[in-house]
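Hi,

Here is the structure I promised to send over. Have a look at it first, and then read on for my notes.

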Amino acid sequence: MVSQYCPQDIDEKWQQQWEKLGIYKAIDNDSKPKFYSLVMFPYPSGDLHMGHMRVYTISDVISRQRRMQGFNVLNPMGWDAFGLPAENAAMKRKLHPEKWTKENIRFMRDEQLKKLGTSYDWDREVTTCDSNYYRWTQWIFLKMYEAGLAVRKSAPVNWCPECCTVLANEQVENGACWRHPETPVEQKQMHQWFLKITNYAEELLADLDTLKGWPERVRVMQQNWIGKSQGAELYFKVKEKPELQVQVFTTRPDTTFGVSYLVLAPENPLVAQLTTPENKAKVEEYVELSKKKTELDRMTTEKTKTGVPTGSHVINPFNGEAVPVLVSDYVLMSYGTGAVMGVPAHDERDFAFAKVFNLPVTEVISVDGKATEGGMKAAYLEHGIMLNSGEFNGLGSAEAKLKMIAWAEQNQAGKERTQFRLRDWLISRQRYWGCPIPLVHCEKCGISPVPEASLPVILPVEGVEFTGEGGSPLKKMTDWLTIDCPKCGGSAQRETDTMDTFIDSSWYFLRYVDAKNPEAAFSQEKVNYWMPVDQYVGGVEHAILHLLYSRFFTRALRDMGLVKCAEPFTNLLSQGMVTMHSPLSGRIEKMSKSRGNVVGTLDFFKKYGADAARLFTLFASPPEQELEWNEDGAVGQYRFLGRIWRLVDELREKGCLDAASVDASAGHKFDVASLNTADKALLKQVHKAVKAVTADLGKEDYGFNTAIARCMELVNALYKYVQEVNPQGPSALLTFAIRNLLLVMAPMAPHITEELWHQCGYANGESDSIHVTSWPSFEEALTYDDDIELVLQVNGKIVSKIGVSRGIGKEKAEAIAFADDKMKAKLGDSPVRKVIVVPDKLVNIVI
């Protein structure tokens, strides 16, 4: 009697056996070709749902298949463990962040990721909040400090006076603190630590062209974030104070004759100098209001622009006209020069601003060099012919741009300049649960680095109180805070800011290659063997910051002589999110606890098994597209696995599978000519499936959904064959077919394939595994059908299609075309000029 598929009986058994055998351990400097497979490591929030499982399944399938293809695979896992959520949880649960984090890690590792059947090398596990990890994070920071890449400077921050701490933009809601809705957030200048990523802006931008294995949309997102702009820096002298000038960066110096006003950022030091007494009260009030807005609020295009006049004017260097100077919060001090010239005729934002403040609109570029009749109704943004521009009239605007820059340089009115949108990376956080910055402040010596021998600077655990108010708890820990200055030996204080958690994830892929090294962040020999990562998998939400910071870190370490590669990730797969109907909104939304549409992993695994969950997340849509979770679809994969189980069990019961006496691997040795029609058709179906799945799991185009579809086709073909032939006794063909079915499905459904592999006798003892067996090969000739569809054309247009035997000669193909009734009707009595035959594809008759 055929048994039933019961994943509860096999999943944990094989997970324990794989761990016991150690088959997923990577070997440093092995003679096999290396393959570094990496998935973005998770934040240990406490519970992974099916939305998370998709990315881990995708990466695991790639790792398993490459291992079977003969690669030395490194497939590690770790935990991005520092961060604000742990501090919030500590306040809510009265629990130390470390305890909360470590408990979550244990559950997520042992009860979720391992039960998914992942093939991670757990010997290389890293946790960013462990001192043996953040010791080296601190070491890398010091190396950047030595290289001049870590600097301290003043910058505006979102400050909550109630919490006495800095807030991220996302924590500011409607201008107030997310924790204290009644407390307005202020913009405050503070000294903070930055990493000079801008030093690498040009290289980071240019090298995007080398990332051929990255999605185009991710490269474009990074390109836009870096934001290279080429233009000019122009100097506008202040009319009322000729000794002062305002520097303005513009990408369109060709529009300078159209300037009708100039705008300063509220933070610009020139605001106080240029504000006249009669405008002082309004300007100061406006500046104070702007402090309550985040940069995101100020940069939005959805709100009407606001501003106030300073009462001063500047002189346009090209035409000598005086234009008013205003203050507006849409200009940011942190970008460009903190001053913007307003050209309403040729900028949409400036056009709207000019209408609000009744400022002139001077047209200086048009399609034909003539003024728009009836006046401009909207800004003209394209290039064209110059007008109202003095000696530059009649020139094309592109040519005028170059000549006007040259004129500015010759007349000390400006210079050519390249500007980047990218800013230095602010890494300071006034939080407890983060990597301590290894610096010391001494009144006598200034800022000094902690000696390398004294690393790590341990984050104190005992006596920490979390109230969410009064700033970082570290400032209250006197015993930890006070230290001897490493230079003079006098009393000093530690830096109390901790690092942005993006620092931890900017180099974790390097630590994986040498995770247990107590003497260095990583061995150069090992890092140069494994790096760069061959395949990185993660969400598109990390397309900019994490990936850009990692690229920056790798380049900085390269310039220090610590790594050889410049790009950390050769290929990138950005999977789509998992969605589901939300009972809270009534819409299909991203699977999330906050939306009430989460499907837990444990209950599903217990009921249907990990393999069914894996197959559904792979099958429901292509990997880069969104996937809508559907319980029926997931259960459908469970039934598909049940069909495979029953098929194999039935064949075993009939004695058809005899791996011990049949060389099942020698598929190419079948005497194809002696096979009957049914046998030959099944053999070809096996070779087609192997070829198709091999291609679908290849890096050029991951098609996990189509790979599963190919396996389903093969299962259907096997059922059809068994029904028609009713085999009894040993069958080399069926033994070969089942063997290859299990092999191509092994990366996607590791538990059931391992169980059946052993039941069928394919395994070489208990210590053997399907997952270290060589990936099957296929014979190209056996992947083609005997019959093909021959397309018949007249003058390149399809007229008819007809089934013929593969391999017919040119003369026979031509004869078939001329004999076809539809072709005869189309050709009529027209003389034939030429006949083109593409073997086994088409015949095109040219008349």
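The secondary structure of the chain comes to 25 helices and 34 strands, where helices (H or I, at least four residues) and strands (E, at least two) are DSSP runs numbered from the N terminus. Please keep in mind that this is a predicted model, in which local features need pLDDT of at least 70 and side-chain atom pairs count only at pLDDT 80 or more, while totals for chains, interfaces and linings use all residues. Residues are numbered from 1 along each chain as its sequence is written, and side-chain values use heavy atoms, with hydrogens and water left out.

Along the principal axes, the C-alpha atoms fill a box of roughly 105 × 90 × 55 Å. Of the 847 residues in the chain, 54% count as buried (under 20% relative accessible area, with exposed over 50% and partly exposed in between; 1.4 Å probe, protein chains only). Among contacts (heavy atoms within 4.5 Å) with a separation of 6 or more, 72% join residues 24 or more positions apart.

Now to the helices. H18 (residues 610-619) is mostly covered, with nine of its ten residues buried; among them are Asp 611, Arg 614 and Phe 616.

H19 (residues 631-653) and H23 (residues 750-759) pack at an angle of about 0°, and their axes are 11 Å apart. Axes here are lines fitted to C-alpha atoms, for helices over the stretch in contact, and angles run from 0 to 180 degrees between N-to-C directions. The two helices, H19 and H23, are therefore roughly parallel (angles under 35 degrees). H19 brings Leu 641, Ile 644, Trp 645, Val 648, Asp 649 and Arg 652 to this contact, and H23 brings Ile 752, Glu 755, Leu 756 and Gln 759. By class, the contact of H19 with H23 has six nonpolar, one polar and three charged residues (Ala, Val, Leu, Ile, Met, Phe, Trp, Tyr, Cys and Pro are nonpolar, Asp, Glu, Lys and Arg charged, and the others, Gly among them, polar).

Ile 385 counts as partly exposed because its relative accessibility is 27%. Leaving aside neighbours within four places in sequence, Ile 385 is in contact with residues including Val 364, Val 367 and Leu 395.

Best wishes

Notes:
Angles under 35 degrees count as roughly parallel, over 145 as roughly antiparallel, 65 to 115 as roughly perpendicular and the rest as oblique.
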